[in-house]
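Student: I've got a model open and I'd like to talk through its charged pairs and its core. Can we take it step by step?

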Amino acid sequence: MASTPAREIGAGLFILLGFAALFFLATQTTNIESYVDDSGYIITARFQDIAGLKVRAPVSMAGVNIGRVERIAFDPERLEALVTMRIAAGFDRIPDDSDASILTAGLLGSKYVGIGPGGSETYLHNNSEIELTQSAIVLENIVGKMLFKLGVESDDTKTSQ
């Protein structure tokens with residue numbers, strides 16, 4: 001097969017389109033806009049256990065993604081995790097008595113912060129703190145408590161016989 005300029009240009013365009021498709025897939029699957037969007041406002045919440053919550057985890061309200069986790073730190077005085085979240089600018093009417101929970105997407109999915117609406121007439125603003133929080137439910141603790149309870153009940157039945 002002889003090499004012709006038209007064939008070489010065609011092969012070059014094919015490779016260029018392949019790289020363009022890979023770039024498009026990479027930007028669409030990584031949600032790159034969350035990496036560059038610094039608009040909105042910052043709120044914080046304190047949790048006793050965040051159980052694997054990661055930076056850039058989604059923050060949702062009523063199932064709608066309204067922001068992301070921007071920073072996770074440990075407060076050595078209160079012995080709690082301090083989670084800093086960036087809320088998008090379009091969601092500026094969140095009541096200041098709302099609650100925040102660490103939730104899991106599915107049974108073993110990734111963690112995210114869910115905000116439940118309050119009923120206050122005043123709203124969260126930049127550097128507000130959500131006071132009502134619920135830490136993550138750790139599946140291993142629940143299974144451990146259930147196994148311990150089953151072990152105690154079986155010991156009770158053996159001693160009663």
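Student: Is glutamate 70 buried, partly exposed or exposed?

Tutor: Quick housekeeping: this is a predicted model, where local features need pLDDT of at least 70, side-chain atom pairs count only at pLDDT 80 or more, and totals for chains, interfaces and linings use all residues. Residues are numbered from 1 along each chain as its sequence is written, and side-chain values use heavy atoms, with hydrogens and water left out. Buried means under 20% relative accessible area, exposed means over 50%, and partly exposed is in between (1.4 Å probe, protein chains only). Glutamate 70 has a relative accessible area of 27%, so the label is partly exposed.

Student: Which residue forms a salt bridge with glutamate 70?

Tutor: Side chains of opposite charge can pair when their charged atoms come close. The rule for a salt bridge is a side-chain nitrogen of Lys or Arg within 4 Å of a carboxyl oxygen of Asp or Glu. Here the closest N and O atoms are 2.8 Å apart, and the partner is arginine 86.

Student: How many residues apart in sequence are the parts that this pair ties together?

Tutor: Strands are DSSP runs of E, at least two residues, numbered from the N terminus. Arginine 86 sits in strand S4 (residues 80-87) and glutamate 70 in strand S3 (residues 64-75), so the parts tied together are apart in sequence by 16 residues.

Student: What about arginine 46 and glutamate 129: which strands do they lie in?

Tutor: Their side chains meet in a salt bridge, at 3.1 Å from N to O. The pair ties together parts that are 83 residues apart in sequence, because arginine 46 lies in strand S1 (residues 41-47) and glutamate 129 in strand S7 (residues 128-130).

Student: Now the core: which residues touch the most other members of the largest nonpolar core?

Tutor: A nonpolar core is a set of buried Ala, Val, Leu, Ile, Met, Phe, Trp, Tyr and Cys residues joined through side-chain atoms within 4.5 Å. The largest one has 23 residues, and the members that touch the most others are Val113 and Ile115.

Student: Which strands each supply at least two residues of this core?

Tutor: In soluble globular proteins, nonpolar side chains tend to be buried together. For this core, the strands are S1, S2 (58-61), S3, S4, S5 (99-104) and S6 (111-116).

Methods. Helix = DSSP H or I, 4+ residues; strand = E, 2+ residues; numbered from the N terminus.
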